[in-house]
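Subject: A structure to look through

Dear colleague,

Below is the structure that I promised to pass on to you, together with its sequence. Please open it first, and then read my notes beside it.

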Amino acid sequence: MKFKITTLFLLFGLLSFAQMPIRTQVAPSKYSATISAGELKTHLNIVASNEMEGRETGSAGQKKAGNYLISQYKKAGISFPKGATDYYQKVPAAFLNAQSNENLPDSENIWAYIEGSEKPNEIIVVSAHYDHVGVKNGKTFNGADDDGSGTVALLEIAQAFQIAKKEGHGPKRSILFLHVTGEEHGLHGSRYYSENPLFPLKNTITDINIDMIGRRDEAHKDSNNYVYLIGSDYLSTDLYTICEAANANYVHLNLDYTYNDRNDPNRFYYRSDHYNFAKNGIPSVFLFNGVHADYHKSTDTPDKIEFDALAKRAQLAFTIAWELANRENRPIVDKDGN
């Protein structure tokens with residue numbers, strides 16, 4: 001009798017275990033495919049519309065754009081970070097004007113967050129600036145590429161991770177989606193975060209920064225199947241290898257390292273928000289399509305965006321973040337950044 005009861009319990013246990021969901025390795029392409037040209041276009045036609053008045057730092061138009069971003073995070077079920085009281089990190093005017101007084105008003109970084117399942121205290125930041133230069137001489141500077149493209153890419157990347165989470169494949173590390181303000185006036189929003197981090201910088205393993213990924217430059221006039229990567233190998237061989245592998249295995253863009261050259265006169269490595277992480281010893285990579293004729297002009301409008309290229313570059317950023325979030329070890333800092 002004892003044997004029969006034990007056997008029954010064993011069989012019941014095996015059947016119960018068989019019915020339990022099992023976490024399996026899933027290729028990131030299943031979820032990167034949810035980042036679509038159509039959804040990016042829908043978002044960008046709002047974020048870079050005339051209604052947003054060029055998203056000047058602290059302006060009503062920028063705040064309106066911020067409200068739209070928050071509405072989309074709420075719609076996707078993505079909350080603000082643990083330890084915060086809402087989706088805003090307030091950046092005071094005194095900070096924005098400390099280096100050069102441009103009479104900027106108070107502004108805000110906007111953040112959203114997906115908590116990691118196994119290493120929640122290790123943070124990956126995915127960043128993009130959502131400000132632009134406003135209205136000048138009656139003309140609206142929409143900033144569709146700079147950096148409306150990165151702004152909407154963040155939304156889609158976050159939504160892709162949230163879909164994965166709902167299906168039991170959420171990231172093992174936590175991801176902070178950080179829309180920063182004041183980039184056009186001197187990388188102020190990212191500098192404010194780096195000096196007032198919500199999570200300790202020592203726990204921040206990487207910043208993936210996206211600034212202008214919706215167009216092509218003159219050097220690639222025959223194809224938009226490329227992206228410039230800047231900084232991936234400045235602090236960490238691991239990060240460089242991860243970016244290369246993510247692209248080779250899943251996305252198949254042509255990775256251009258022209259502006260990664262330490263001697264490049266454009267010095268793009270120092271000119272976008274990743275730098276405020278990199279200067280603090282955090283491995284960082286900057287995705288960029290290069291400068292075009294509409295850069296910082298009122299003609300940088302949504303109708304000129306190549307949404308197929310925007311989607312593919314956003315998919316690369318997602319895939320890099322996926323690998324960083326789920327690999328066993330954080331990237332080793334083995335270089336001095338110079």
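Leaving out residues up to four places away in sequence, A325 touches I124, P171, K172, R173 and I175, where contact means heavy atoms within 4.5 Å. Before going further, please keep in mind that this is a predicted model, in which local features need pLDDT of at least 70 and side-chain atom pairs count only at pLDDT 80 or more, while totals for chains, interfaces and linings use all residues. Residues are numbered from 1 along each chain as its sequence is written, and side-chain values use heavy atoms, with hydrogens and water left out.

A325 lies in helix α10, residues 307-326; helices (H or I, at least four residues) and strands (E, at least two) are DSSP runs, numbered from the N terminus. With a relative accessibility of 0%, A325 counts as buried, a word that here means under 20% relative accessible area, with exposed meaning over 50% and partly exposed anything in between (1.4 Å probe, protein chains only). A325 and L154 are 171 residues apart in sequence, and their C-alpha atoms are 16 Å apart in space.

**The sheet**

The strands form an open sheet of 8 strands with mixed pairing, in the order β1-β2-β6-β3-β7-β10-β8-β9; two strands pair if DSSP finds at least two bridges between them. The edge strands are β1 (88-91) and β9, each of which pairs on one side only, and the twist from one strand to the next averages 25 degrees. Helix α10 lies across β3 (119-129), β6 (173-180), β7 (204-210), β8, β9 and β10 (284-288), and runs at about 175 degrees to β7; axes are lines fitted to C-alpha atoms, for helices over the stretch in contact, and angles run from 0 to 180 degrees between N-to-C directions.

β8 pairs with strand β9 (residues 254-256) in the parallel sense over 3 bridges; Y226 stands opposite N254, and the bridge partner of Y228 is D256.

**Helix α6 and its two neighbours**

Helix α6 packs against α10 at an angle of about 50 degrees, with the axes 9 Å apart. That makes α6 oblique to α10, since angles under 35 degrees count as roughly parallel, over 145 as roughly antiparallel, 65 to 115 as roughly perpendicular and the rest as oblique. α6 passes α10 in a right-handed crossing; a crossing is right-handed if the near helix is turned clockwise from the far one by less than a right angle, and left-handed if anticlockwise. The contact is made by S149, V152, A153, I157, A160, F161 and A164 of α6 and by L310, A314, A317, F318, A321 and W322 of α10. These residues divide into 12 nonpolar, 1 polar and no charged, where Ala, Val, Leu, Ile, Met, Phe, Trp, Tyr, Cys and Pro count as nonpolar, Asp, Glu, Lys and Arg as charged, and the others, Gly among them, as polar.

Helix α3 (residues 37-47) packs with α6 (residues 144-166) at an angle of about 130 degrees, with the axes 9 Å apart, and the two are therefore oblique to each other. In this contact E39, L40, H43, L44 and V47 of α3 meet residues of α6 including A144, G148, T151 and Q159, and the residues of the contact divide into 7 nonpolar, 5 polar and 2 charged.

T151, in α6, is buried at 0% relative accessible area. Apart from neighbours within four places in sequence, T151 is in contact with V47, L69, A128, H129, Y130 and H179.

**Backbone points to check**

Most residues other than glycine have a negative phi, and most peptide bonds are trans. The peptide bond from D146 to D147, however, is cis, with omega near -10 degrees, and D147 is found in α6. E53, which is not a glycine, has a positive phi of about 55 degrees; E53 is in the loop between α3 and α4 (60-76) and is partly exposed, at 39% relative accessible area. N103 also has a positive phi, near 55 degrees; N103 lies in the loop between α5 (93-96) and β2 (107-114) and counts as exposed, at 63%.
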